[in-house]
Amino acid sequence: MKPLAHTVTAVAPTPPIRLRVVNATDQDVTGVELGDPLFLKVELADESVYGIFGSDLVAKGSSGSETVLLIDENGCPVEPSVVQALDRLPGSKSLMAPFQAFKFASDAAVQFQMTVSYCLDTCPPAECDVPALLTRSPSARGGSAGGGPRRSSRTFCREM
């Protein structure tokens with residue numbers, strides 16, 4: 001009898017992502033005051049085989065004429081006093097970054113757009129050169145690096 005050799009290849013479907021702006025009690029916000037403490041939350045189902053990495057976060061006015069880069073292509077905050085780095089939530093595959101409510105001079109609405117990249121299991125955290133006072137410990141950033149190369153990325157939008 002001849003041995004049978006089988007090659008199996010498969011691709012898991014890209015999991016859905018939710019981009020949310022929430023307050024300290026994890027409630028979605030629709031109207032806020034300037035300076036209110038808020039969080040940008042990038043949610044991925046914890047049972048997913050993938051992890052996520054956030055980059056290229058841009059805030060735009062609703063007309064699109066005013067934009068500001070908040071997190072760069074490496075996942076690092078451009079101005080940490082405005083938006084901090086996206087950290088993995090403990091015990092979760094989701095990411096969150098604290099910020100204070102702001103607006104553009106000519107527009108009350110702010111839209112957020114970012115790129116989310118997928119990794120198998122867990123994405124390594126961004127390695128950013130930020131002042132020591134703004135740096136969080138490796139355990140707060142989601143633990144050790146791993147998960148291998150990024151698989152693919154998609155862009156998501158959310159209006160505040």
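User: How many aromatic pairs does a search of the whole structure find?

Analyst: The search finds five aromatic pairs. A word on the model first: it is predicted, so local features need pLDDT of at least 70 and side-chain atom pairs count only at pLDDT 80 or more, while totals for chains, interfaces and linings use all residues. Residues are numbered from 1 along each chain as its sequence is written, and side-chain values use heavy atoms, leaving out hydrogens and water.

User: What makes Tyr50 and Tyr118 an aromatic pair, and which kind is it?

Analyst: Rings of Phe, Tyr and Trp (its six-membered ring) pair if their centres lie within 6.5 Å; planes under 30 degrees apart are stacked, over 60 edge-to-face, and the rest tilted. Tyr50 and Tyr118 have 5.9 Å centre to centre and 65° between the planes, and the pair is edge-to-face.

User: Why can this pair be said to tie together parts of the chain?

Analyst: Tyr50 lies in strand E3 (residues 50–61) and Tyr118 in strand E7, so the pair ties together parts that are 68 residues apart in sequence. Strands here are DSSP runs of at least two residues (E), numbered, like helices (H or I, at least four residues), from the N terminus.

User: Are Tyr50 and Tyr118 buried or exposed?

Analyst: Both are buried, a word for under 20% relative accessible area; exposed is over 50% and partly exposed in between, with a 1.4 Å probe and protein chains only.

User: Why is the pair of Phe99 and Phe112 given its name?

Analyst: Their ring centres are 5.5 Å apart and their planes at 65°, so this pair is edge-to-face. Phe99 is buried at 5% relative accessibility, and Phe112 is buried at 1%. Ring pairs also link these two with Phe102 and Phe104 into a cluster.

User: How do you know that a disulfide joins Cys76 to Cys128?

Analyst: A disulfide is a pair of cysteine sulfur atoms within 2.5 Å, and the S to S distance for Cys76 and Cys128 is 2.1 Å. Cys76 lies in the loop between strands E4 (67–71) and E5 (87–88) and Cys128 in the loop between strands E7 (110–120) and E8 (150–159), so the link ties together parts 52 residues apart in sequence. Cys76 is buried at 9% relative accessible area, whereas Cys128, at 23%, is partly exposed.

User: What is the handedness of the disulfide of Cys119 and Cys123, and why?

Analyst: The sulfur atoms of Cys119 and Cys123 are 2.2 Å apart, and they form a disulfide. The torsion about their S-S bond is about 110°, so the disulfide is right-handed. The link of Cys76 and Cys128, with -95° about the S-S bond, is left-handed.
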